[in-house]
Amino acid sequence: MAVRSPLKYDSGNLKEMSSAEVDQIVDQIVYQYSLNPSVSLSVVSSGGTLGTITDTRLQAGAMSQTNSSFPSEATTAEPSIVTVNYDKISQSVASVSPINDSGTLFPLFYNSGNMQAMSLQDVKDTFLHPTIDLLTAATTTFQQGGTYHISASSGVSGSTIVSATPVYLDTRADTSAYSNAGLENASGEALDQPTTITNYYLQRVDGSDNSYPNPVYINASNNVQEYAASNFKSSRSKFL
């Protein structure tokens with residue numbers, strides 16, 4: 001079980017693909033994944049399955065009144081912390097299983113001068129593990145198509161917003177909202193008067209279609225045949 005060099009049809013000959021050509025297939029697998037991810041996220045009003053994100057801010061201390069003297073600073077209430085929990089992201093994981101390895105299903109490679117079909121483990125080592133490495137990289141290029149990130153911008157180049165509803169708000173006490181008039185009100189002023197500093201939105205990275213060489217395989221008549229583009233894409237979707 002190892003990384004293989006798949007064979008391709010080239011002007012009447014069978015040739016080993018270069019590492020760059022294998023990378024093109026890996027990029028296409030990422031694109032296919034982006035069209036139908038096995039893990040999808042959605043934005044809900046509350047009760048999301050991915051846990052809680054907490055925002056904290058200060059609010060004013062309660063008003064003090066006395067008819068006999070001015071309240072001293074030591075007797076007045078201090079500002080306190082307001083905590084708001086956001087649980088707006090839910091996850092759905094598809095139930096998938098690898099396609100059965102018939103022994104001749106997967107792409108061919110040269111093994112000591114003979115043509116041999118890859119095993120499922122060969123396919124994983126050659127195509128799928130590099131794909132997973134790309135998808136889990138800490139960046140948001142087309143090579144992470146179908147994965148998610150959170151952004152302070154509702155419009156991110158190369159990504160599609162999942163919902164216009166923010167999944168998290170960064171808030172602070174709005175000091176300009178507190179006034180003498182509010183303090184003079186008989187019922188007192190509202191203690192918690194926040195302002196939103198930043199909204200955060202869930203984004204899904206867009207995939208990018210690309211050209212790639214079609215490998216060859218052993219068909220039902222035991223002949224070498226080039227994968228049709230549609231068939232190869234269908235097979236790759238089953239790997240994921």
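The model is predicted, so local features need pLDDT of at least 70 and side-chain atom pairs count only at pLDDT 80 or more, while totals for chains, interfaces and linings use all residues. Residues are numbered from 1 along each chain as its sequence is written, and side-chain values use heavy atoms, with hydrogens and water left out.

**Aspartate 170**
- Aspartate 170 sits in strand 11, residues 168-173, where strands are DSSP runs (E, at least two residues) numbered from the N terminus.
- Aspartate 170 is buried (under 20% relative accessible area, with a 1.4 Å probe and protein chains only), and arginine 172, the nearest side chain of opposite charge, is 4.3 Å away without a salt bridge being formed (a side-chain nitrogen of Lys or Arg within 4 Å of a carboxyl oxygen of Asp or Glu).
- Leaving aside neighbours within four places in sequence, aspartate 170 is in contact with residues including Asp55, Thr195 and Tyr200, contact being heavy atoms within 4.5 Å.

**Glutamine 193**
- Glutamine 193 belongs to the loop between helix 3 (180-184) and strand 12 (194-205), helices being DSSP runs (H or I) of at least four residues.
- Glutamine 193 has a relative accessible area of 18% and is therefore buried.
- A polar atom of the glutamine 193 side chain lies 3.1 Å from the backbone oxygen of alanine 190.
- Among the residues that glutamine 193 touches, not counting those up to four places away in sequence, are Arg172, Ala173 and Tyr178.

**Tyrosine 110**
- Tyrosine 110 is found in strand 7, residues 108-111.
- Because its relative accessible area is 34%, tyrosine 110 counts as partly exposed (between 20% and 50%).

Methods: Lys, Arg positive; Asp, Glu negative; His and termini not counted. Polar contact = N/O pair within 3.5 Å; in protein donor to acceptor, adjacent residues only side chain to side chain.
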